[in-house]
Amino acid sequence: MTTTPATLIVVDDDPEIRELLVDYLGRHGYRALAAEDAEALHRLLASEAADLLIVDIMLPGDDGFTICRDIRRSSEVPIIMLTASADETDRILGLELGADDYLGKPFNPRELLARIKAVLRRSRGGVAADPVRARLVAFGTWRLDRMTRELIDENEVRTPLSGADFQLLQVFLEHPEQVLSREALYELTRGRPSPPLDRSIDVHVCRLRQRLGEDTHYHQLIRTVRGTGYVFTARVEALT
């Protein structure tokens, strides 16, 4: 039985980086394509079904932030952003716009490869230890369809989740009414220890709260535990 390789698109205006990554990813079993800017990316996406995008922030014309925002209007394809900036603001902004992960330049291609594998696992709904194996899980006034990665509200309206949002919600559903530190949430969702002083989990929690229509003062499903982390307050029930 053969498996179709995942299609990755590298968006970077540096031809050497594009060539290096396309060659490296190809040698590791992926179908890697390249685009030098936003216009070239959109031309590719018109004819190619990408499984993951690797997007440099600093691009001529529309930058990586603009690309991420535009993509998220119509697609939940996983996005890993590359940044040469040491400013954490760029990384946080990328996450707020819907990126699933980020990596600073210069980077080791092996680290990028590891992150690609982790993001693809999350985007396909792979959770190694899932105490609730049902496809549909209920909590509060919501349901989560694990197969389609969609939130379902009281009116049966379905909202697709990005890979990062889906994985974070999965972790909360697997640990209801347990206080989880930021470091624990980072490791459970990313599969690696949290970098020192990293606050990206706060960005992801904020985004997930928005998805859940959370009020900042009342009826919080995800409650902040000051100085520690977060706790998912709802009872979780397997439906099917």
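A salt bridge is a side-chain nitrogen of Lys or Arg within 4 Å of a carboxyl oxygen of Asp or Glu. Glu156 forms one with Arg143, with the closest N and O atoms 2.4 Å apart. Glu156 lies in the loop between strand 8 (150–152) and strand 9 (158–160) and Arg143 in strand 7 (residues 142–145), so the pair ties together parts that are 13 residues apart in sequence. Strands (E, at least two residues) and helices (H or I, at least four) are DSSP runs, numbered from the N terminus. Arg143 is partly exposed, at 21% relative accessibility. Here buried means under 20% relative accessible area, exposed over 50%, and partly exposed in between (1.4 Å probe, protein chains only).

The model is predicted: local features need pLDDT of at least 70, side-chain atom pairs count only at pLDDT 80 or more, and totals for chains, interfaces and linings use all residues. Residues are numbered from 1 along each chain as its sequence is written, and side-chain values use heavy atoms, with hydrogens and water left out.

The structure holds 20 salt bridges. One of them joins the side chains of Asp100 and Arg72 (3.1 Å, N to O). This pair links distant parts of the chain, 28 residues apart. Asp100 sits in the loop between helix 4 (88–96) and strand 5 (101–104), and Arg72 in helix 3 (residues 64–72). Asp100 is buried, with a relative accessible area of 0%. Arg72 also counts as buried, at 14% relative accessibility. Both residues belong to a network of salt bridges that also includes Glu76, Asp165, Arg207 and Arg211.

Another salt bridge connects the side chains of Arg199 and Asp202 (2.6 Å, N to O). Arg199 counts as partly exposed because its relative accessibility is 41%. Asp202 is buried, at 17%.

Glu16 is found in helix 1 (residues 15–27). Glu16 counts as exposed, at 64% relative accessibility.

Thr83 is found in strand 4 (residues 79–83). At 4% relative accessibility, Thr83 is buried. Leaving aside residues up to four places away in sequence, Thr83 touches Asp56, Ile57, Asp90, Arg91, Leu103, Gly104 and Lys105. Contact means heavy atoms within 4.5 Å.
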